[in-house]
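Here is a short walk through one structure.

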Amino acid sequence: MNIHDLETPSVLIDLDRMERNIARMQERCNSLGLAFRPHTKTHKIPDIARMQLDAGAVGIACQKVTEAEVFTAAGINDIQIPYNIVGPQKAARLADLALYNRITVSADNTAVIAGLAEAARANEMTIRVMVDLATDIQRTGAPIEEVVELAKKIDADENLHFAGLMVYPSNPVVRPVIQEALARLGEAGIGVDSVSGGGSGAALHAHEVPELTELRVGTYVFNDWSSVGKGWVTPDDCAMTIMATIISHPTPDRVILDSGSKTLAADRWDNAHGCIVEYPEARIYQLSEEHAHCDFSACETRPDIGECVHVIPVHTCVVSNLHDHLYGVRGETVEAVWPVAARGRVW
Ligand SMILES: Cc1ncc(COP(=O)(O)O)c(C=O)c1O
């Protein structure tokens, strides 16, 4: 099949670029002696996870239990879920998954630890739990003062195993906190199996945080316009584009594409909703659900109605979750049609 046989909007994955991204990140981790655990929330596709494992990854990460269920069903069974599992239903579901797979979760408070212990006890099993350590992004993460108490609580429970420390993102700025946590745990006589860091930007600085033993990275597999904007990659490293059609050209400068917020996702970078590869000077300044509003005033030429363009999205992980299929392409040939199997698995 040729890409022009596809209807627009369609999400294309340039296979040469994706394969290069996979190889490059794996080589980076290998050279640093880091175990690599790609975060599959970016693509939600077991076939792509399989390529990452074949390249040398030790396992995968999923953000939610239901997402992990899709990957275990596809035969991938070493999964980290770096997320607080809250509530008896979710904990029971996690325990089900962990009975037959190597699942590691994280926790940053005692309520989550108690819920995990209860679910594990009910199944006469052990659940692997890391302590999520606070970082500069101020999302989840226990403050340094609580790390030993949480680790002790996990360690002391016969149905839980203390599996180490988890941080996100593991930028060098967080290194002193990791060092402090390791020192405190050492003084308390608690062994730390693993220090798991993550983030596509942080991966570029992983050599500056030698305490890390493992890295979870997601966006790197496709990259996106925000990765370019942050200086992590170049446009040539972006494997995902949305093939879209010019459907209207109401004024000399206003051009409308058939891809709106339900296709490109609503994220913005540098005041734009992505980059049109064929017209990099154009700006996607606004999205309706099914329309992209573009300003072509800075472009030398204007597109024709019916012309196809390719948009590098701002946030690739959200785009995957909006589509039934991603198309793996080499040049203009469609080599793979992947159902986004974990699409909508957000609970
Ligand atoms: C806990 C956790 N680990 C790893 C990642 C992967 O980060 P990135 O997509 O920047 O590689 C994320 C992304 O949000 C995350 O939340």
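**The ligand and its shell**

A polar side-chain atom of Arg139 lies 2.8 Å from an oxygen atom of the ligand. This is a predicted model, in which local features need pLDDT of at least 70 and side-chain atom pairs pLDDT 80 or more, while totals for chains, interfaces and linings use all residues. Residues are numbered from 1 along each chain as its sequence is written, and side-chain values use heavy atoms, without hydrogens and water.

Lys41 also has a polar side-chain atom by a ligand oxygen, at 3.3 Å. Gly218 uses its backbone: an N or O atom there lies 2.7 Å from an oxygen atom of the ligand. The protein covers 92% of the 390 Å² of accessible area that the ligand has on its own (Shrake-Rupley method, 1.4 Å probe).

Which residues are around the ligand? Among them are His39, Gln63, Pro82, Tyr168, Ser200 and Thr219. By class, the shell has three nonpolar, six polar and three charged residues. Lys and Arg count as charged, Tyr, Val and Pro as nonpolar, and Gly as polar.

Now turn to Asn109. Its place is in the loop between strand S5 (102-107) and helix H5 (110-122). Strands and helices are DSSP runs, of at least two and at least four residues. The C-alpha atoms of Asn109 and Ala142 are separated by 6.9 Å, though the two are 33 residues apart along the chain.

Terms used. Near = heavy atom within 4 Å. Polar contact = N/O pair within 3.5 Å; in protein donor to acceptor, adjacent residues only side chain to side chain.
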